[in-house]
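Good morning, and thank you for coming. Please look at the sequence and the structure as I put them up.

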Amino acid sequence: MDTAIKFCGLTRPQDIDAAVAAGARYVGFVFFPKSPRNVSLETARALALRVPPGVAKVALTVDADDAALDALLAAVPLDLLQLHGHESPARVAEVRARHGLPVMKAVGIAEAADLAEIDRYQPVADLLLIDAKPPRGADLPGGNGLAFDWRLLAGRKYWTKPWLLAGGLTPANVAEAVRLTGARQVDVSSGVESAPGIKDADRMAAFAAALGGA
Ligand SMILES: O=C(O)c1ccccc1NCC(=O)[C@H](O)[C@H](O)COP(=O)(O)O
């Protein structure tokens, strides 16, 4: 079975084209002002309209309130909301019910004890993004190019919700990450960039090729 790819933090039309050419299943737009990948609603709308059917358009937000989500959904055609902050399970359920889109909750992993977070969110999220926990004091809650110990996920086949592996993935390591974790879906941002916020089409193609894709 093919490994599905989410390219996150796309900022330019050519990034969409490169993601689609590489066989992306998802493309992600970051709405977090401190991020080098942050996009305005206007830019995100233009990018989203360029995405062909069959590729899911994901909005990544961090502890966004309902007013911000209302504005986002009014402006940008989207398929999925990714919650990448400290949203509680109750807030995930609320966002899902109020805004009518499937929700992916990011969970940060640094050690075995963190895996319990996955169990907390499974009942309420449609998908889970299992990412590296950001270092203490980091400016960004994700997109830091850091991997966690993938062996923590080895043999864990009991999760009931679809999940994506994220954190420090690159063309050079993604095949090994998939082998160790059994991930069927992966998410990458900085590992396919030439500079923060600037995606590199060759690296995106190499990432897909490393998984046996386009
Ligand atoms: O990418 C960002 O700038 C970002 C900002 C704020 C919250 C989350 C962010 N990224 C989350 C993602 O979905 C990344 O793709 C994921 O953390 C993996 O990033 P990387 O290790 O750079 O591949």
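I begin with a term: a crossing of two helices is left-handed if the near helix is turned anticlockwise from the far one by less than a right angle, and right-handed if clockwise. The model before you is predicted, so local features need pLDDT of at least 70, side-chain atom pairs count only at pLDDT 80 or more, and totals for chains, interfaces and linings use all residues. Residues are numbered from 1 along each chain as its sequence is written. Helices (H or I, at least four residues) and strands (E, at least two) are DSSP runs, numbered from the N terminus.

H1 passes H7 in a right-handed crossing. Helix H1 covers residues 13-21 and helix H7 residues 201-210; they pack at an angle of about 20°, with their axes 9 Å apart. That angle makes H1 roughly parallel to H7. Here, angles under 35 degrees count as roughly parallel, over 145 as roughly antiparallel, 65 to 115 as roughly perpendicular and the rest as oblique. Axes are lines fitted to C-alpha atoms, for helices over the stretch in contact, and angles run from 0 to 180 degrees between N-to-C directions.

Which residues make the contact? From H1 they are Gln 14, Ala 18, Ala 19 and Ala 21, and from H7 they are Ala 201, Met 204 and Ala 205. Residues are in contact if their C-beta atoms, placed from the backbone, lie within 7 Å.

We turn to helix H2, residues 41-50, where Ala 44, Leu 47 and Ala 48 are buried. A residue is buried if 20 or more other C-beta atoms lie within 10 Å of its own, exposed if 12 or fewer, and partly exposed in between, with C-beta atoms placed from the backbone. The buried residues of H2 pack against H1, S2 and strand S3 (56-61). On the face turned away from the buried side, H2 carries the exposed residues Glu 42 and Leu 49.

Finally, some loop residues. Gly 23 lies in the loop between H1 and strand S2 (26-31). Gly 23 is partly exposed, because 19 other C-beta atoms lie within 10 Å. Asp 63 is found in the loop between S3 and helix H3 (66-75). Most residues other than glycine have a negative phi, yet Asp 63 has a positive phi of about 50° although it is not a glycine. Asp 139, in the loop between strand S6 (127-132) and strand S7 (163-165), is exposed, with 11 other C-beta atoms within 10 Å.

Conventions: Contact = placed C-beta atoms within 7 Å.
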